[in-house]
Amino acid sequence: RSLLMAFPSIAPSSRNFNPGDFPVKTYRAQSGAETRMLLGNKRTGMTLDLTYRHITDAEAEQFLDHFHDMKGTYKTFDIVIEGVSPDVKSGWKGNPDAIGAQGVDNALGNEYRYASPPKLTQVRPGISNVQVNLVGVL
């Protein structure tokens, strides 16, 4: 396996995290009685939307390069470099695992992939805003 480019280590201006849910199958009888079965022990469908405001064009380009290295929405990746507290979680004061932190000891078991290409908006020469939408996958 070749070495892949790490997700850019830049602190986001804001993040929007959806923790997903455990896979549950619901069976409903004609009487209305309901039976629910838990089909796994890991949450699925988590999403992480990151916004980077007023970063340099060189920093913005890191997201485009990473997206290219991941073959767009195809490959999955960790958002944490082993042993390093990632800037993706910068400002989050809770348990890092609560927002889908990755690493060797990650209890959630999720990696991320791009849900869509990064959106880049130039706000003035040399300065851009970038929106990154990620989806958690097992």
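A residue is taken as buried when its relative accessible area is under 20%. In the predicted model described here, Asn-133 has a relative accessibility of 16% and therefore counts as buried. Asn-133 is located in strand E7, which comprises residues 127-137. The side chain of Asn-133 makes a polar contact of 3.1 Å with the side chain of Gln-131. When neighbours within four places in sequence are set aside, the residues in contact with Asn-133 are Leu-48, Asp-49, Arg-113, Tyr-114, Ala-115, Ser-116 and Lys-119.

Helix H1 consists of 13 residues, 57-69. At 1.5 Å a residue, H1 should span 18 Å, and the 18 Å found between its end C-alpha atoms agrees with this expectation. Ala-60, Phe-63, His-66 and Phe-67 are the buried residues of H1. These residues cover an arc of only 115° around the axis and so lie on the same side of H1. Their packing partners are strand E4 (47-56), strand E5 (111-114), strand E6 (119-124) and E7. Ala-58 and His-68 are exposed and are carried on the face of H1 turned away from its buried side. After H1 comes Lys-71, which has a positive phi, near 55°.

The largest nonpolar core contains 18 residues. Those touching the most other members are Phe-7, Tyr-52, Phe-63, Phe-77, Tyr-114, Val-132 and Leu-134. Two or more residues are given to this core by each of E4, H1, E5 and E7, and E4 gives the most, with 4 residues. For Phe-77, residues up to four places away in sequence being left out, the residues touched are Phe-7, His-66, Met-70, Glu-111, Tyr-112, Arg-113, Tyr-114 and Leu-134.

Arg-28 and Glu-34 form a salt bridge in which the closest N and O atoms are 2.5 Å apart. Arg-28 has a relative accessible area of 59% and is therefore exposed, whereas Glu-34, at 41% relative accessibility, counts as partly exposed.

Note on methods. Residues are numbered from 1 along each chain as its sequence is written. This is a predicted model: local features need pLDDT of at least 70, side-chain atom pairs count only at pLDDT 80 or more; totals for chains, interfaces and linings use all residues. Side-chain values use heavy atoms; hydrogens and water are left out. Buried means under 20% relative accessible area, exposed over 50%, partly exposed in between (1.4 Å probe, protein chains only). A polar contact is a pair of N or O atoms within 3.5 Å; within protein, one must be able to donate a hydrogen and the other to accept it, and residues adjacent in sequence count only if both atoms are side-chain atoms. Contact means heavy atoms within 4.5 Å. A salt bridge is a side-chain nitrogen of Lys or Arg within 4 Å of a carboxyl oxygen of Asp or Glu. The expected span of a helix is 1.5 Å times one less than its number of residues. The arc is that of the directions from the helix axis to the C-beta atoms. A nonpolar core is a set of buried Ala, Val, Leu, Ile, Met, Phe, Trp, Tyr and Cys residues joined through side-chain atoms within 4.5 Å.
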